[in-house]
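Good morning, everyone. Please bring up the model on your screens, and we will walk through it together.

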Amino acid sequence: MAQTSQFCTFYLDKLLFGVELKGVQEVIRSLEMTKVPLAPQVVSGLINLRGQIVTAVDLRRRLELEPSPPGMLAMNVVVRSEDGSVSLLVDEIGDVVEVEESTFEPPPETLRGSVRSMILGVHKLNDRLMHVLDIEKACQMSDALEAAAATR
Amino acid sequence: MSENDSDIVKDFLIESYENLDRLDRELVGLEKDPEDRDALSSVFRTIHTIKGTCGFLGFGKLEAVAHVGENLLTRLRDRQLTLTPEITTALLTMVDVIRQMLTQIEKDGQEGERDDSVLIATLTRLQQVPAAPAPEAPVLAPVPVLPQTDIVKAAPAIVPVPDAERDPESIPSAPNIGDILKERAGVTEAAIELATEKQREGDPRRLGEILVEQGSARPADVVDALRIQQSNRASAAPAADSTIRVDVGLLDKVMNLVGELVLARNQVLQFANRMKDTSFLAASQRLNLITTELQAGVMKTRMQPIGNIWSQFPRTVRDVALGCGKEVKIEMEGKETELDKTIIEAIKDPLTHLVRNSVDHGIELPNARVKAGKDRIGRLILRAFHEGGQVIIEISDDGAGLNVERIRQKAQERNLITAEQAGRMSEREIFNLIFLPGFSTAEKVTNVSGRGVGMDVVKTNVEKIGGTVDIQSALGRGTTVRVKIPLTLAIIPALIVTCSGDRYAIPQVSLLELVRLGAEDVSKGIELVHGAPIYRLRGRLLPLVYLNRELKLTGDGRPAKDSAVNIVVLQADERQFGLVVDQINDTEEIVVKPLRKQLKTVKIFAGSSIMGDGRVALILDVLGLAQYAGVVTETRAHAIADKVTASAGAASDKRTFLLFAGPGDSRMAIPLSTLARLEEFPVAQVEMSGSQWVTQYRGKILPLIRLNVVLEERRNRLRALQVPPTLDSPPIQVLVLNHEGHSYGLVVDRILDIVEDVADVRSEANRASVLYSVVIGNRVTELLDIPAILRGAVTTKALPNAVSQSVEAAN
């Protein structure tokens with residue numbers, strides 16, 4: 001029997017992404033957010049998650065996609081990273097999918113830049129491709145911080 | 001091992017660790033004062049307990065080590081041996097070995113494979129009584145186990161035997177019964193000698209009993225003596241019975257819950273303010289009070305006296321001093337100063353490092369000290385005290401002090417600073433260079449005297465908990481390191497302000513006062529000097545920082561002309577500045593939550609907190625904000641390091657100058673730091689004292705030095721001095737300066753500006769009273785030599801004419 005794993009999927013700018021289900025703490029609707037002035041652009045702000053303060057990362061900016069259209073309420077995918085919980089802001093939540101190892105392929109060589117380090121590869125689903133996101137890399141942001149510091 | 005057993009082992013470990021820490025202290029103390037019988041008995045008791053318990057728990061090796069140690073201690077206690085440094089070292093080594101074994105046991109429940117025969121042999125050898133007729137070969141467990149007989153046969157019914165007397169742990173501690181009897185009942189020395197001799201020969205009875213039997217003491221006296229001894233001991237005993245051990249994890253949990261409760265309380269209070277129901281209001285007030293008290297109580301449980309970590313320092317100092325052949329005496333003040341447990345843990349290593357450093361590098365070798373006219377024995381002083389909501393810990397030594405020149409040189413060699421920077425840095429800034437990371441490794445390699453090994457780690461660790469480190473030193477006289485740390489990290493009082501619709505919390509610790517300028521006062525109160533807004537707060541210039549502008553929030557930062565302005569006066573390092581915010585809300589107790597790694601680069605925030613309405617608010621880091629806004633211009637060590645790597649000519653090197661018009665409309669400047677206040681006096685207030693202008697200022701006579709007179713040619717000067725002010729002239733502008741404890745007023749024509757500039761293009765002065773000409777703000781400006789001008793004003797005193805009297809009167 002082939003190895004399977006479960007992914008929590010979501011959409012960003014019509015692209016399908018997935019993070020490993022075991023790294024996801026919870027998925028919640030948009031919460032009131034406190035913006036952090038002077039913070040790197042990828043940090044959307046801080047949210048109060050039942051008494052726990054969680055940093056919200058604008059995943060669109062993080063993945064260098066088009067900024068979200070104004071007025072769109074983002075969903076929070078709260079993931080567990082080495083540095084505590086982090087909320088990833090996404091457009092829309094998809095299903096939980098179970099995929100086999102065999103459908104996985106590494107990212108094409110033509111994918112370059114900092115994005116490449118965050119995308120582990122793709123799973124070939126029946127109707128479309130699911131980008132597999134590396135939670136740690138997406139939350140670490142040391143590269144994003146450096147970039148922010150350099151422009152300052 | 002069963003559950004029960006492991007519990008016993010755990011208790012044994014905790015207790016033993018504590019006891020061993022005390023042992024270190026007591027042994028070092030004993031070395032200084034070998035006659036301290038209390039300490040010796042206590043050391044003995046501890047080792048005895050450990051030996052007994054580990055025998056019971058089956059730790060054979062541990063027991064063996066403790067056993068020989070105990071034998072050695074018995075000799076010491078019975079005065080058959082005197083304590084030598086060698087013995088102390090051996091005993092300390094034994095303590096270390098026991099500690100290692102305990103750590104091992106803690107880890108896997110086993111003593112581990114180890115060979116302590118060398119230590120055992122040393123300890124055995126040391127117990128040979130020197131010059132004793134025949135060293136007894138078999139050493140018996142020497143505890144004089146007290147027999148379970150009634151205490152004094154002749155007085156059976158009077159006294160119940162004090163329990164402690166039967167307890168083998170409480171070997172009679174000083175004053176011993178013999179001494180008391182001698183003093184109180186006039187029992188002769190000889191009689192006591194005789195009785196102790198009998199005891200030593202194997203008489204199982206107690207001293208009192210023997211003495212009574214001998215007829216040397218009356219039973220009643222013995223009973224009295226016992227009572228005295230008992231009460232002495234009781235007062236010396238630690239208050240162990242009134243305390244319980246609590247797991248730290250549990251305390252942390254309670255602390256977190258209290259944090260949540262504080263948040264809930266804040267919510268309820270906000271809600272209550274909107275309600276008209278008085279009984280609900282009363283209930284919420286009560287909730288408020290109880291929460292505050294509960295919070296204070298829980299915080300207190302986490303407080304520990306700093307003495308807990310200091311207690312290891314005598315041992316550290318002894319070891320380091322012995323290692324480098326120095327003699328050092330350690331003194332402690334304020335041991336009882338309490339700090340939060342997490343802070344205590346965080347500062348333990350930095351403090352140990354500082355102490356080691358002081359002994360290793362600060363204090364000189366005994367001979368060098370004598371040569372320098374100091375006491376052979378170096379002094380290391382630890383002080384702790386509260387000051388303005390913070391705890392200050394000082395580590396001072398009377399050693400060689402820091403050599404400014406050498407540090408300057410070293411820092412340049414290591415490319416930590418440029419020659420030009422080095423020339424401009426103040427002594428204090430130079431001292432702080434030793435906290436630079438590069439500096440420490442350099443020291444380690446070259447081993448040049450002076451401090452620096454790992455000082456950067458000290459600074460980083462202290463700053464991690466929101467503290468600061470500062471160093472002061474006088475060459476040849478010693479060094480003081482000052483560590484400032486917050487009392488607690490968990491819950492702090494803070495002022496909540498609003499800026500562009502978001503709330504920010506400002507820790508109350510940095511808050512000095514709040515100023516509100518009404519709409520009509522704004523244009524008058526806030527002045528612009530070269531674009532930089534300032535506010536005159538009681539005659540002092542307060543630089544203003546607009547929060548929304550610093551945070552790059554919406555708007556141009558300036559409030560609308562017709563609205564009131566709220567200024568929060570803050571203190572950062574030694575500087576004060578005014579923070580302009582949209583609205584000042586309230587003070588609140590906030591629970592500090594640290595910022596995640598993603599936001600650590602934003603130095604302007606110290607953390608975040610959840611407000612009463614459930615929203616998150618950021619906590620401003622006042623020092624970070626001040627640095628960001630350029631208020632704190634003093635280059636901090638880290639800034640320098642960053643700057644060297646960054647592009648040259650960074651902005652943080654700027655100094656602030658006060659620009660004013662001198663005679664003939666020339667541009668002149670003084671460093672803003674020399675200025676105490678700016679004042680304006682109507683001419684009517686200027687009085688003549690002889691030919692000197694003076695004015696009454698804050699209950700004192702302020703001599704007014706006219707700049708145009710000072711800068712006149714000398715032959716004209718006397719004439720100019722005589723001229724009294726004409727009453728119809730405009731008010732005079734006065735710079736109030738403090739110099740060597742006196743205030744002087746420098747009368748200038750016009751105050752122009754306050755500017756920040758590097759001012760590094762300079763040329764020699766072409767007249768007296770001017771230090772040099774510099775380019776400030778793209779224009780040549782003369783920098784005044786304040787001390788010279790004031791000296792000039794004072795030296796006229798010596799002139800044998802009317803001028804002298806006037807100055808005298810003015811002073």
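**Two chains, step by step**

Chain A has 4 helices and 12 strands. Helices here are DSSP runs of H or I with at least four residues, strands are runs of E with at least two, and both are numbered from the N terminus. Keep in mind that this is a predicted model: local features need pLDDT of at least 70, side-chain atom pairs count only at pLDDT 80 or more, and totals for chains, interfaces and linings use all residues. Residues are numbered from 1 along each chain as its sequence is written, while chains are lettered from A and ligands numbered from 1 in the order in which they are written.

Stay with chain A. Of its 152 residues, 36% are buried. Buried means that 20 or more other C-beta atoms lie within 10 Å of the residue's own; 12 or fewer is exposed, and in between is partly exposed, with C-beta atoms placed from the backbone. Now contacts: two residues are in contact if their C-beta atoms, placed from the backbone, lie within 7 Å. Take the contacts in chain A between residues at least 6 apart in sequence: 57% of them join residues at least 24 apart.

Next, strand E1 of chain A, residues 4–12. Which strands does it pair with? Pairing requires at least two bridges found by DSSP between two strands. E1(A) pairs with strand E9 of chain A, residues 92–100, in the antiparallel sense over 7 bridges. There, Phe7(A) has Val97(A) as its bridge partner. E1(A) also pairs with strand E2 of chain A, residues 15–20, antiparallel over 6 bridges. E1(A) and E2(A) make a hairpin with 2 residues between them. In that turn, Asp13(A) has a positive phi of about 50°.

Over to chain B, and two helices. H2(B) covers residues 37–57 and H3(B) covers residues 60–77. Their axes come within 9 Å and cross at roughly 155°. Axes are lines fitted to C-alpha atoms, for helices over the stretch in contact, and angles run from 0 to 180 degrees between N-to-C directions. H2(B) and H3(B) are therefore roughly antiparallel to each other. The cut-offs: under 35 degrees is roughly parallel, over 145 roughly antiparallel, 65 to 115 roughly perpendicular, and the rest oblique. Among the residues that meet are Leu40(B) and Phe44(B) in H2(B), and Leu62(B) and Leu73(B) in H3(B). By class, this contact has 10 nonpolar, 5 polar and 4 charged residues. Ala, Val, Leu, Ile, Met, Phe, Trp, Tyr, Cys and Pro count as nonpolar, Asp, Glu, Lys and Arg as charged, and the others, Gly among them, as polar.

Now a sheet in chain B. Its 6 strands form an open sheet in the order E21-E25-E26-E24-E23-E22, with mixed pairing. Strands E21(B) and E22(B) stand at the edges with a single partner strand each, so one side of each is left without a neighbour in the sheet. On average, neighbouring strands are turned by 40° against each other, direction ignored. Inside this sheet, E23(B) and E24(B) pair in the antiparallel sense over 4 bridges. Thr695(B) stands opposite Leu702(B) there.

Last, where the chains meet. The contact takes 20 residues from chain B and 19 from chain A. On the chain B side, strands E17(B) and E18(B) each supply at least two residues. The largest share of that side, 3 residues, comes from E18(B). That side divides into 9 nonpolar, 4 polar and 7 charged residues.
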